[in-house]
Amino acid sequence: MPLRALCLLLCCRRGFSLLGRDYGDAEKAEELQELQKEQIKSASSDLSLTQSLAPDTSNRPKEIPEEMKSLIKEKIKSKAATGVDKGIIMQGWLFKEVQHSVMMPWLRVRKHWFVLTQNSLDYYTNNELNAKRLGMLVLTSLCSVLWPDKCTYKGTGYWNITVFGRKHRYELYTKHLNQCIQWACAIQNVISCKAPVETPTLLLIQDIEENYTNSEVLEHIYKWNPILQHTQKPLYAPLLPFRYGLVCHHFKNTKGYTTVQDEAVKVFNSLQQLETERDPIPLIQGVLQTCLDLEPLRDEIYCQLIKQTSNPPHAGNVSDLRNWQLLTCMSVTFLPSTTVLKYLRFHIKRSQDQFPETEIDKYAEFIKNSLEKTKCRDCVPSCEEILVLIQREEMSCNIHYAGSKFCRVTINSHTTAGEVVNSLLVKLGLEQSRNQFALFERNMTEQQLVTNNTIVADIITRFENLAASMDEPENQWKLCFKLHCFLDSDNVPKNNLEFTLLFEQVHEMVTKGYFPASEETLQTLAALRLQFTIRDFATHVPLPRFQELFSVHVLRARVQQSVKVLLSTNNKGRSHFLPEALTNSIWGSTIHKQKLEEEQLLKVRLKEEAAASMAMIIEQWKQLQGMTQLEAMATYFSIVREWSGFGATLFEVGAFMNSAVNMAQTLWLAVGAKGVALYKQGDAESVESFDYQQISSFEATDRNTFKITLSKKDLLFESCKVQEIAQLMKIYSASHVRTRARAGDHRTRPITTGSLANSHHRILYRDSSTEETLTLWSI
C-alpha cells in the first residue's frame, strides 16, 4: 500500500477513539440537523465516513475513554439519500400516554398533534402553524413499531401502537383501528426506507477484512482504535447495532430481560468480573444461557471476547485466560454470523502468531478446530462439560445396557447419539446384527427415544438440570443402549450379548404390563427371571423388588376392582339402617373421605396381594433348581413368543366409538416388523392387523397426529410419540420392501411417507365396510 494511502487510512480511523463519547440528547432537532450536515459532507468528501462523523470534542472531558459509549451512525449510500426532506408524510391527532404515577396507576392520555416526516416523529400542542413542539423521536433503521392488539383495546378502550427510539418510546392511542393501522404502516415505512446503521466496531471489522494481508496496516488499525483492544473501563453501549425495544416484543423466551442493548452491557460487566472470579463455571454458564435465550447477542459477545483478548495488559495470565476459556465454551455452543466468524478466525490466527507455544496458542487452536464442527446447541454446556472444556479435554458418560450393566464412553461437545451407538456396536461386538439399536433417555417411570443427530452433551446438561430440581434421587434419568427395531428376533444366537439384550427388553415389556397373560403365567416368568439373575434358590440372598419381577399393573387392576365391590357393599349396608335425610347429609358430603378410605384400603390390599404373589413366585423358583441362565432365557422366550404381538413396539391409545351407546376403551397400537395391529389392553388377540403390503401410505399430519392409509380404511390417531412411530414404520416398511425384492416379488411397492404438516384433522378411525367411526387419542 502506498504511503499516502496508509496515512489517509490512519487519519480516517483515528476518529474512532472519539466516537464512544456521547452526543448528548439525540432527540433534539438541532442535533438532527447537525448530523444531516455532517452526512452530506461525508458523502462528498474523499475521506472516510468515520472522519466526517467524528464529533467536536473541544468541550468534552478528555479523560473519558472511547469504549464508554458507542455512537451508532448511519451509513450513507449516496448523496441523494442524505438530502433533507422536510415534507410531511402524515399528520393528525393522537393520544399520548402520560407517565404513570404511584397515586394514579391507571391509563392517563393527553391529546397532541403528531407530524411524521422522513426523519422524525414530532408532536405539538395543537395543529396551528406556530404551535410549540413538545417532543421529537428521531427515526433510524433501528427503531421499531409494536402494532395494536385486542388485549389493550379490551382493557382501555383504545387501540395502541408503540414506537421505540434510541432513548425514548412513544405510547400512542386512538379510538379507531383503521387510524391506528395507518399510523403504524406509515411509521414502519419510514423506518424500512432508512439506510442500515453501523457502529465503529462494525466498520473497523470491514477495514480489517479489506486489509487482511497487510500486516502493517492492521497493526496501525489496532494501535489507533482502542475500541478493538482490551479495556478495564465499563462499556455503556453495545459494540454492534441492535433494534430498539424491549426483549419481550422481539423474543418469546424473555426470562425477565429488558432490552438487548442493556443485556449486552450487562454481559460485558460479567466478562470483566470473570477475570477475577475464583470459580468461573457459574458465570460462564450464565453468559452462555443469555446467548441461548437472546440469539442476536451471540455476535455481540463474540466481539466483546475478541476485544478483551486483543492486546491484554498481561497476556497469558489467569485473568486473560478466563476470557479465552469463555471463548472456548462459546465456540462449541454457538456459531457467529459469517462476518463475525471471519473476524474471529483472523483474531485466532493473529493471537497464535503473537503468542506461539503458549496457553493462548493452545486455546486458539482448540477454538479453530471446534468452529469446524459446531452446530447450534439446544442446551448450554453442563458444569462437567465446562470443566473439561477449560482443560481442553474430552469427557466421558455412562451408557447403561442389559439391566444393571453400563459402559463408559468418551465424548466431546460435538458427539451425536448416532456416533455413540456405532461405537457401542463395535465395542460390544454387535456390528453384524440385523436388528437396529438406539439410545433412550429413561428413569423409573418414563422412557423416550434419542434421535441419531441429537448431541449427547445436550442430554447430559438436561439430566443435570433435572437432577437439581428432583426430589427423588433414585429416580434420576440415564442413557440406555437398547434394541429399537426387532428386524430379526428369531435368529439371534443364544450365546451372544444380543440375546441377553433382547431378553432384558422383553422382560421390561412384561413388567410394564405390555404382555397379556394370566397371573399364573406372569408368576412363572418372574420365577424364570429369578433363576436367570440369582441362579438357584438360596435363603439369605437379597431378592429384587416385586415390581422388577411382576407386572404391578395387572395386580393393581384386579385388586382395585375387588376394593370397589367391597366398599360399595359396605356403603349400601350402612345407608339401609339410616333415614334418607341423614344418609344424604352424612354420606353425600363425604365423597373425599370415601376416596381416601378407598386409597388406604387399596394400598393395604396391594401390599398383601404382592406378598402372596411373591411367595408363589419363590415356590416356583425352587422348582427350577439346576436350570442354567441360558435355559432360563430360552424357556422365558418360549412362553412370550406365543403372543402374536411379540417383537412389536406398543403405544397406548384410547378409543371412543360413536354410536348410540358410548363405550370408552383402551387400545395398544403395535408397530412391528410384519405390520401394524390394534389390541384391546390385556387381550391376547388383536382387534385388527395390517401388514405393510396393505398400507398405502403413512404420515404425521400434525405434531401429535399420525395417519395410516389403507385400501379401504384411514387410521388416524393422536400421540405424543408421533415421530417415534413414524421412524419405526419407515424402518420396518423399508426392510419389508427389501426382503420382498430379494425374494423376487415384483408386486412390491414402496410405502409413501408424508411429512409433518400444520393442518389439523379429526382424529378418526374410519371403516368404510361397516360405516363405523372410532375417535382415537393417546393416553
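Colleague: In what order do the 7 strands of the open sheet with antiparallel pairing stand?

Modeller: The strands of a sheet pair through backbone hydrogen bonds, in either a parallel or an antiparallel manner. In this predicted model, the pairing within the sheet of 7 strands is antiparallel, and the edges are taken by strand S5 (133-138) and S6, each of which pairs on one side only. From one strand to the next the twist averages 35 degrees. Read across the open sheet, the order is S5-S4-S3-S2-S8-S7-S6.

Colleague: Which residue in S8 stands opposite Thr-162?

Modeller: Strand S7 (residues 159-164) and strand S8 (residues 169-174) run antiparallel and are joined by 6 bridges. The residue that stands opposite Thr-162 in S8 is Glu-171.

Colleague: At about what angle to S2 does helix H5 run?

Modeller: Helix H5 (residues 177-193) lies across strand S2 (88-97), strand S3 (109-117) and strand S4 (120-124), and also across S6, S7 and S8. Taken against S2, the direction of helix H5 is at about 120 degrees.

Colleague: Which strands stand at the edges of the open sheet of 5 strands?

Modeller: This sheet has mixed pairing and the order S11-S10-S14-S12-S13, and its neighbouring strands are turned by 40 degrees against each other on average, direction ignored. An edge strand has a single partner strand, so one side of it is left without a neighbour in the sheet. The strands in that position are strand S11 (405-411) and strand S13 (447-450).

Colleague: Which residue in S14 stands opposite Leu-439, and at about what angle to S14 does helix H17 run?

Modeller: Strand S12 (residues 436-442) pairs with strand S14 (residues 478-485) in the antiparallel sense over 7 bridges, and the residue in S14 opposite Leu-439 is Phe-481. Helix H17 (residues 497-511) lies across strand S10 (395-401), S12, S13 and S14, and its angle to S14 is about 100 degrees.

Colleague: Does Arg-529 count as buried or exposed?

Modeller: Arg-529 is found in helix H18 (residues 519-534), where, leaving aside residues up to four places away in sequence, it touches Phe-503, Glu-504, His-507 and Leu-549. Trp-621 is 92 residues apart from Arg-529 in sequence, while their C-alpha atoms are 8.9 Å apart in space. Because the relative accessibility of Arg-529 is 11%, and the limit is under 20%, Arg-529 counts as buried.

Colleague: What phi does Arg-535 have, although it is not a glycine?

Modeller: Most residues other than glycine have a negative phi. Arg-535 has its place in the loop between H18 and helix H19 (552-576), and is partly exposed with a relative accessible area of 46%. Its phi is positive, at about 75 degrees.

Colleague: And what is the phi of Asn-311?

Modeller: Asn-311 is placed in the loop between helix H10 (297-308) and helix H11 (318-331), and at 30% relative accessibility it counts as partly exposed. Although Asn-311 is not a glycine, its phi is positive, with a value of about 50 degrees.

Note on methods
Residues are numbered from 1 along each chain as its sequence is written. This is a predicted model: local features need pLDDT of at least 70, side-chain atom pairs count only at pLDDT 80 or more; totals for chains, interfaces and linings use all residues. Side-chain values use heavy atoms; hydrogens and water are left out. Two strands pair if DSSP finds at least two bridges between them. Helices (H or I, at least four residues) and strands (E, at least two) are DSSP runs, numbered from the N terminus. Axes are lines fitted to C-alpha atoms, for helices over the stretch in contact, and angles run from 0 to 180 degrees between N-to-C directions. Contact means heavy atoms within 4.5 Å. Buried means under 20% relative accessible area, exposed over 50%, partly exposed in between (1.4 Å probe, protein chains only).
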